Every structure is written in structure tokens, then in C-alpha cells.
Amino acid sequence: MFNIATHMDFEGQGRAEKLSRVIITLFGAVGLIWGYIIQQFSQTVYILIAGVLLASILTIPPWPIYRRKPLNWQKPRPEPQAAAGGTETESAKKKKK
């Protein structure tokens, strides 16, 4: 029906994590300074919550900036067929161990 991307590539995950840490740290520092200036700890908390919400909106959805370098998966190798006599292949024996 809809083709909605639900993944991020590996570098996009790192970019999203770094961005969220920067946003939350920045909002936390600004909130702490502002709360100290006006002597209201609640303002510090409100500003920090705003930073967490902004970071969540910008980093949780898989925006296209987080999907620039998708992984190229290798194609699976075909499994070797068992011998006509019904004996197991070497890879099947190793898997059982």
C-alpha cells in the first residue's frame, strides 16, 4: 500500500545519536543557566523537556538524511545438495556440532 521507510543506515544511526546528544546537552545548559538567572528550577526542567521533544522529533523517525548510505547485502550462497546416498554434507555435520 504505502512505501514508508522504516530503517536507518549505520552511519545515519550515528548521526542521529550525535545530533540528539548535542540538542539535549545544549537545551540542558541553556535551561540550567536560564533557571539560575530567574531562580526557577521548573523553567530548567521545561526547557530540557522541550529539548528532548525536539531531539525526538528530529532523530527518531527515519528521515532521508539518515538513509544516505544503505548497506549492500551479499546474495546468499546456494546450499550444496545432499549426496544421492543420503549422507550429510560437511557443512551440515558442522552445524549439528
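This is a predicted model: local features need pLDDT of at least 70, side-chain atom pairs count only at pLDDT 80 or more; totals for chains, interfaces and linings use all residues.
Leaving aside neighbours within four places in sequence, Thr-44 is in contact with Gly-31, Leu-32 and Gly-35. This threonine is found in helix H2, and Thr-44 counts as buried because its relative accessibility is 10%, under the 20% that sets the limit for burial.

The overall plan may be set out next. The secondary structure of the protein comes to three helices and zero strands, and along the sequence the pattern reads α-α-α. The protein has 97 residues, of which buried residues make up 13%. Its accessible surface comes to about 8600 Å², and carbon and sulfur atoms contribute 65% of that area. Among contacts with a separation of 6 or more, 66% are between residues 24 or more positions apart.

The mean pLDDT of the protein is 86, with 82% of its residues reaching 70 or more. Among the elements, H2 has the highest mean pLDDT, 97, whereas helix H3 (residues 90–96) has the lowest, 58.

Helix H2 spans residues 41–59, which is 19 residues. From its first C-alpha to its last, H2 reaches 27 Å, close to the 27 Å expected at 1.5 Å a residue. The buried residues of H2 are Thr-44, Gly-51, Ala-55 and Thr-59. They lie on the same side of H2, because they cover an arc of only 45 degrees around the axis.

Against what do the buried residues of H2 pack? Their partner is helix H1, residues 10–38. Two residues of H1 illustrate the pairing from its own side. One is Gly-31, which is found in H1 and counts as buried because its relative accessibility is 0%. The C-alpha atoms of Gly-31 and Ala-50 are separated by 9.8 Å, with the two residues 19 apart along the chain.

The other is Leu-19, which also lies in helix H1. Is Leu-19 buried or partly exposed? Its relative accessible area is 33%, so Leu-19 is partly exposed. With residues up to four places away in sequence not counted, Leu-19 touches Leu-58, Thr-59 and Tyr-66; of these, Thr-59 is one of the buried residues of H2. Leu-19 and Ala-55 are 36 residues apart in sequence, and their C-alpha atoms are 7.5 Å apart in space.

Finally, the model may be set beside the database record. An unreviewed UniProt entry places the feature "transmembrane region" at residues 21–39 and 45–66. In the model, residues 21–39 are 95% helix and 0% strand, with the end C-alpha atoms 26 Å apart. Over residues 45–66 the chain is 68% helix and 0% strand, and here the end C-alpha atoms lie 29 Å apart. Helix H2, for its part, covers residues 41–59.

Note on methods
Residues are numbered from 1 along each chain as its sequence is written. Side-chain values use heavy atoms; hydrogens and water are left out. UniProt positions are given in the numbering used here, feature names are shortened, and annotations may be inferred rather than shown by experiment. Helices (H or I, at least four residues) and strands (E, at least two) are DSSP runs, numbered from the N terminus. The expected span of a helix is 1.5 Å times one less than its number of residues. Buried means under 20% relative accessible area, exposed over 50%, partly exposed in between (1.4 Å probe, protein chains only). The arc is that of the directions from the helix axis to the C-beta atoms. Contact means heavy atoms within 4.5 Å. Accessible areas come from the Shrake-Rupley method with a 1.4 Å probe; for residues, only the protein chains shown count as cover. pLDDT is the predictor's confidence in each residue, from 0 to 100.
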